[in-house]
Every structure is written in C-alpha cells, then in structure tokens.
Amino acid sequence: MKGVLLSGGTGSRLRPITHTGPKQLVPVANKPVLEYAIEDFKDAGITEIGVVLGHKGRDEIQALLGDGSKYGVDITYIVQGNPLGLAHAAGCAREFVGTDDFVMYLGDNILKSGVADLVNSFESGEYGAGIALQEVDNPAAFGIADVDEHGTVTELIEKPDEPPTNLALIGMYVFSPAVFDAIDDLEPSWRGELEITDAIQHLLQDGYEIDSHVVTGWWKDTGKPEDILEANRLVLEDKQLTAAGIIESGAETDGRIELAQSSVIEDGAVVRGPVSIAENTTIKSGTYVGPYTSIGADSTLDGVHIENSVVIGESTITASGRIVDSLLGRGADIESADNLLPEGRRLVVGENSQLKL
Amino acid sequence: MRIITLTCSACGTIVAANELEDNRVMKCPGLKCDNVLRFSDLPEKDRTYFLENQERYEI
C-alpha cells in the first residue's frame, strides 16, 4: 500500500495567509497541517508516499518534508502543474504507484481517526476502491454515497436534490490500480477537471465493488480561517500537551499547556489551557493567553488578552486589548496605539485581509 | 484522458506533461536538483497525443 498526498491548490480562501505560502503549511497546534497526514500514513503502515505539488508552494513543501526520512517515510514528489482535478492528480501518480493499492489523502484535511481503519476495511475484501464517508446534517451540499447493508457503495451523487443518505464523501480514498484505466477513460467535467467521483462511478460501472468506511471522529477541511481555528481547537482538545519550558513562580497557569523548552511564561502572566506555545516565545507579565490558542515560535506577547486564536509565529503583540477568534500570519505585529495622537487605529493591511474592529 | 508524465532521471521527481509543455525546457522542480527536463524527452507518441489534445490539459 502506498500513499498519495495532494498538496496543490491556490489556498484562495485562506488569503492573505496564503499569499506567502501554501495552505498545507499553515500550522494547527503549531504543526503544519501536512505533517498530520504524513503521520496518519505512517500510523497506517504506509511509508512510501507520493506528494503531489501544484503551482504554489512547491519549494516550501519540499523544504519542510525533504525526502521524508525525518518522519521515517520515503517521499517522491509529483508535479501536477495545472489544477486539472483530483483524478488528474491521481493519474499523475500512476508511475509512482505502479501495481500497488494506494490511499489518496487531501493534504489540507485533518482526521481524528487517521486512515488505518479505512485501509483495513478496504483490505478486508476485493474492492476496486474504498471511500471515507461521514454523516452530515445538510447532505444536499455534498457529494453523497448510497450504500447497501454491507457498506458497499451502490451510487455516488453530487449535491443531490433528494439525498438517499446523509453520508458525504470527505476526500479520503483507497484505490486499486484499476482506477488508472478508469481515469484514462474520463472526460473533463463542465468545470474542466477530471473528477475523482467520475472515476469511482466508472469503477462501479465496470463491475468493481466500492467499499465505504464511515468516519465517526471529527474531520476538518482547513481551507478557511475559521476552519483553521476549529481544527486548532479540536487538535488541542485531543493532543497530549507537555510544558517543558519555564513557568516563573508568579505566573498563573491552569489546564493543559504545551510549552517549548526554550519558551517562558513570565511572572504575572496568566495562561489557561489547552494552549500550545512554540519555541523561543515569551509570554510577558500582564498577558492573558486563553483556551484554544496556539502561539508560534519566536513571538513575544506583552499585555494582550488573546484566546481561541492562532498566531503563526515571529510576532510581537503588545496591544492592551482583547484578541479573539483570530488567525495572525507570520511576522504580524500588533502594537498599542495608546498615547498616540490623533487617537485611532493604525493599520497596514495586506490584500484580502479581514478585520473586525 | 491519458495522463502523461516524465520522471527526472537525477532525483526521481515526476512531472506532468502539461507542466513540461508549458515550459518546453525547465530546471527539474525537485528541490536542489539541477537536471534539465524537456518536453522533447517524452516519447514521440506521448508528445503527439498531448499536442493533439492540448486544450484538455489546460484549465
């Protein structure tokens, strides 16, 4: 079994954060989203991984993952170029996959339960493919699978008016090599892409059985800022957090806190977990860091109250106000405007930024 | 729709034909790889197929 990790896309819904890097490298609980997928592959016993790259962030992704040896896996890079659809991305991996089965994983997704159960379910029978499903409240907004009593897929329907089930496809697949012949026979859809659902439908029509696995834990597509915040909350809720850094005697801490060895919570600061604080970061006196917050490396917080937020790193935040539900890009600084005249907020804001003042 | 790729002989990076055709001659996109890849490195039948169906490989 091999792994194919899709890492293309423009990340347009995550601008301005993605003006300077790929969406798959945005950190959740101080770890790039893409690394969760690599770990899930490894946990499922998959150590040969093809990483499919688009136009954006090729060098950054390769610089992070390297040859995979630091994760105990072997990585091959596959350059898709134009975003011609998930089936095109899979097709680009044909030479890498060879005659093996493979798991295809969207690199901006995080899944609590990993992919091992999906793989085990697929390997328990003679299937052409396996798909991960999750129950949703609004099935008309998703690609929906109809399944029989054994969980074998009978039909896939894209955004149906009258959904036969509430089981939505969540972008996690296992394929036999038969999918490559199905992809060869596909035509681009109305949006000019080779659709993976068309490839699966083709397998069904060719007589292959399609397995399904219903994911019960949380699953998150991290495509938008609010998704990053929710994924951060979900991961911090589950993650084992260890405080290896310095918590000074007058600091008030409560709950689970991850504190890197080189970081400090100073006397007079208040931190209430779950919180993750990365390397070389200082939480100064008078600062409050509240639950579900991740502070990236090389940052200083002084006097601010912040909660349910992600600070990617290299930030200095000295404003005295409250920051909530926020995603701050690398190197973003927020200073106090107190004592400055004329009174007012002073902003240097990039394209596609969102502010609520 | 056939998907055509070329594998860099130096680093093993796999590159889709649409990327090669866009550039015709390009440095391998593998990080720290200095190999040069050309659209003309593809077998002739693959090049012919790609060029005859080029509009389908464009978004």
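Tutor: Buried residues make up 32% of the 59 residues in chain B, where buried means that 20 or more other C-beta atoms, placed from the backbone, lie within 10 Å of the residue's own, exposed means 12 or fewer, and partly exposed lies in between. This is a predicted model, in which local features need pLDDT of at least 70 and side-chain atom pairs count only at pLDDT 80 or more, while totals for chains, interfaces and linings use all residues. Residues are numbered from 1 along each chain as its sequence is written, and chains are lettered from A and ligands numbered from 1 in the order in which they are written.

Student: What pattern does chain B follow along the sequence?

Tutor: The pattern is β-β-α-β-β-α, which comes to two helices and four strands; helices (H or I, at least four residues) and strands (E, at least two) are DSSP runs, numbered from the N terminus.

Student: And what radius of gyration does chain B have?

Tutor: Chain B has 11 Å, which agrees with the value near 10 Å that a compact globule of 59 residues would have; the radius is taken over C-alpha atoms, and the globule rule is 2.2 Å times the number of residues to the power 0.38. The C-alpha trace of chain B spans about 35 × 25 × 15 Å along its principal axes.

Student: Is N23(B) buried, partly exposed or exposed, and why?

Tutor: N23(B), which is found in helix α1 (residues 17–23) of chain B, counts as partly exposed because it has 14 C-beta neighbours inside 10 Å. From C8(B), N23(B) is 15 residues away in sequence and 15 Å away in space, C-alpha to C-alpha.

Student: Now the interface: how many residues of chain A are in contact with chain B?

Tutor: On the chain A side 26 residues are in contact with 20 residues of chain B, a contact being two residues whose C-beta atoms, placed from the backbone, lie within 7 Å. The elements of chain A giving two or more residues to that side are α2 (58–65), β5 (74–79), α3, α4 (94–97) and α6. By class, this side of chain A has twelve nonpolar, eight polar and six charged residues, where Ala, Val, Leu, Ile, Met, Phe, Trp, Tyr, Cys and Pro count as nonpolar, Asp, Glu, Lys and Arg as charged, and the others, Gly among them, as polar.

Student: Which strand of chain B is joined to β5(A)?

Tutor: β5(A) is joined by two bridges to strand β2 (residues 14–16) of chain B, and the two run parallel; strands pair if DSSP finds at least two bridges between them. Within this pairing, V79(A) has V15(B) as its bridge partner.

Student: What does β5(A) pair with inside chain A?

Tutor: β5(A) pairs with β4(A) in the parallel sense over six bridges, with Y77(A) opposite V51(A). Strand β4 (residues 48–53) of chain A has five of its six residues buried, and β4(A) also pairs in the parallel sense with strand β1 (residues 2–7) of chain A over five bridges. There, V51(A) has L5(A) opposite.

Student: Which residues of β6(A) point which way?

Tutor: F102(A), M104(A) and L106(A) point one way, V103(A) and Y105(A) point the other way, and all are buried. In a regular strand the side chains alternate between the two faces of the sheet. β6(A) also pairs with β11(A), here in the antiparallel sense over four bridges, with V103(A) opposite V174(A).

Student: Last topic: what domains does the assignment give for chain A?

Tutor: The assignment gives domain 1 (2–223) and domain 2 (240–328), with bounds that come from an automatic or database domain assignment. Their C-alpha centres lie 35 Å apart, and the contact takes four residues from domain 1 of chain A and six residues from domain 2 of chain A.
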